[in-house]
Amino acid sequence: MSRKPKNPNVLTLKESREIIKSNLREMKRLEKQKREKRTLSDYTTVMRSDNNVLEIENLETCFFTDNGVVRSVNKISFDVPKDSVVGLVGESGCGKSVTSLSIMQLVQAPQGQVIGGEIRFSSDELGYTEDGEKLCYDITKMPTLDMCRIRGRDISMIFQEPMTSLNPVFTVGYQIEEVFYLLNPEATKEEARQKAIEMLTLVGIPMPETIIDYYPHQLSGGMRQRVMIAIALTGDPKLIIADEPTTALDVTIQSQILKLLQKVRHASGASIMLITHDLGVVAEMADYVVVMYAGKIVEKGTVYEIFDNPRHPYTIGIQKAKPSLASDAAEELYSIPGNVPNPINIPDECLFKGRCDRKCGKCEGTYPKEIKLSDTHSVFCHLYDEDREDI
Ligand SMILES: Nc1ncnc2c1ncn2[C@@H]1O[C@H](COP(=O)(O)OP(=O)(O)OP(=O)(O)O)[C@@H](O)[C@H]1O
Ligand code: SF4
Ligand SMILES: [Mg+2]
């Protein structure tokens, strides 16, 4: 009797054991590396441009799972310029949140690890080199204790779901005061309370003197999200990471929160990294857009370049999939055929090729290189290779 052929999607016991063994070895090595004593010079470097608050270069973050290595963020590079909003867009599971968690050093260890690249964060406390280059921190190499000084003060985060992000057993005032004390340990109780009221007023909470003593469950979803924004702003950060800040809210509250974010951005001069599925929100808020697909960046540029002149078939597809009032009501809404590929053990090739209607012979080869279309606009697609013959 002939043997049944092996299903490539099912791991044998031997394969499974090997994966677990190699994962444990790798996680142990990376955790040991993190615990090694480092001096300031080990985790400082120089910014490529003084105009950026954050520069991400070749960032690689993965999860060591029992089924294999999930490359959630696969060698991505982009900048967040000072006083700007950068929108990070892409389908669910493309690595947007893992990118933001990597910036905050909040990736779930030991399974989740940043295994390569640099996250350069501009810091005024470090000054300049003798050659006049701006010194900065490389967050990928920074010890956790030093990172705690930056979190909340220089970089803060607004999470998607305020109900699970706020602590249910403390009043909202206490949670704002906690951040204030962290940055001003000498402050008196009265000063901290005053600051909390000031922050609640800033984010448009009515009767802040009363609401300050409320628990999160006593507030509506929109008010809770405002409290989250108040907490994020208490440290007067240079960079705010907002991970889908309006997804859990209805459209009217969504628009109020976006207006609020715009207001605080202009008032504080902070840069915002805005993560969202919603292209409408990006068009309204962002100056620059980064489009991600399956852990990679496929296109990036200014908001005008991405919306008026999208070049990657995926960017064109997600824009076509947007409902429009001008379209015929009887017309079926466009959707990109197929699914996002399995993120485990992904090959070094264009991951969109299974869904792309413009695929060519070259697309079977290695991952396309970055093609610069302007100083700010670039795309990763073989359609724009200079040596391509069949276009
Ligand atoms: N703790 C984890 N363990 C294993 N895999 C994970 C873990 N967290 C995230 N991933 C994987 O990393 C990939 C990227 O996830 P991420 O949360 O960044 O997606 P996302 O773009 O934020 O999606 P969404 O828009 O749905 O929030 C996904 O394939 C996900 O399965
Ligand atoms: S590289 Fe090829 S398959 Fe990938 S998006 Fe471009 S044309 Fe499509
Ligand atoms: Mg997410």
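Predicted model: local features only at pLDDT ≥ 70, side-chain atom pairs only at ≥ 80, totals over all residues.

Tutor: Start at Asn 58, which is exposed, with 11 other C-beta atoms within 10 Å. Residues are numbered from 1 along each chain as its sequence is written, and chains are lettered from A and ligands numbered from 1 in the order in which they are written.

Asn 58 sits in strand E2. Strands (E, at least two residues) and helices (H or I, at least four) are DSSP runs, numbered from the N terminus. Its backbone is worth a look: phi of Asn 58 is near 50 degrees, a positive value in a residue other than glycine. Most residues other than glycine have a negative phi.

Now take one step along the chain. Leu 59 is also found in E2, but with 24 C-beta neighbours inside 10 Å it counts as buried. In a regular strand the side chains alternate between the two faces of the sheet. Leaving out residues up to four places away in sequence, Leu 59 touches Val 73, Ile 76, Ser 102, Gly 117 and Ile 119. Contact here means C-beta atoms, placed from the backbone, within 7 Å. The C-alpha atoms of Leu 59 and Gly 117 are separated by 4.2 Å, although the two residues are 58 apart along the chain.

Next, the sheet. E2 belongs to an open sheet of five strands, in the order E1-E6-E5-E2-E3, with antiparallel pairing. Strand E1 (44-46) and E3 stand at the edges; each has a single partner strand, so one side of each has no neighbour in the sheet. Neighbouring strands are turned by 20 degrees against each other on average, direction ignored. Axes are lines fitted to C-alpha atoms, for helices over the stretch in contact, and angles run from 0 to 180 degrees between N-to-C directions. Two strands pair if DSSP finds at least two bridges between them. Strands of a sheet pair through backbone hydrogen bonds.

Look at one pair in detail. E5 and strand E6 (residues 135-138) run antiparallel and are joined by three bridges. Phe 121 stands opposite Tyr 137 in E6.

Helix H1 (residues 13-35) lies across E2, E3 and E5, at about 145 degrees to E2. H2 also lies across E2, E3 and E5, at about 70 degrees to E3.

Pro 110 lies in the loop between H2 and strand E5 (112-122). The peptide bond from Ala 109 to Pro 110 is cis, with omega near 5 degrees. Most peptide bonds are trans.

Now the ligand. Which elements supply at least two residues each to the shell around ligand 1? They are strand E2 (52-65), strand E3 (68-81) and helix H2 (96-103). H2 gives the largest share, three residues. There are 17 residues around ligand 1, and those that come nearest are Ser 72, Ser 92, Lys 96, Ser 97 and Val 98. A residue is near a molecule or strand if its C-beta atom, placed from the backbone, lies within 6 Å of it. By class, the shell has five nonpolar, 11 polar and one charged. Ala, Val, Leu, Ile, Met, Phe, Trp, Tyr, Cys and Pro count as nonpolar, Asp, Glu, Lys and Arg as charged, and the others, Gly among them, as polar.

Asp 236 has a positive phi of about 55 degrees although it is not a glycine. Asp 236 lies in the loop between helix H8 (221-234) and strand E8 (239-243). With 12 C-beta neighbours inside 10 Å, Asp 236 counts as exposed. H8 itself has 13 of its 14 residues buried, so this helix is largely enclosed by the rest of the structure.

Note on methods
Buried ≥ 20, exposed ≤ 12 C-beta atoms within 10 Å, placed from the backbone. Contact = placed C-beta atoms within 7 Å.
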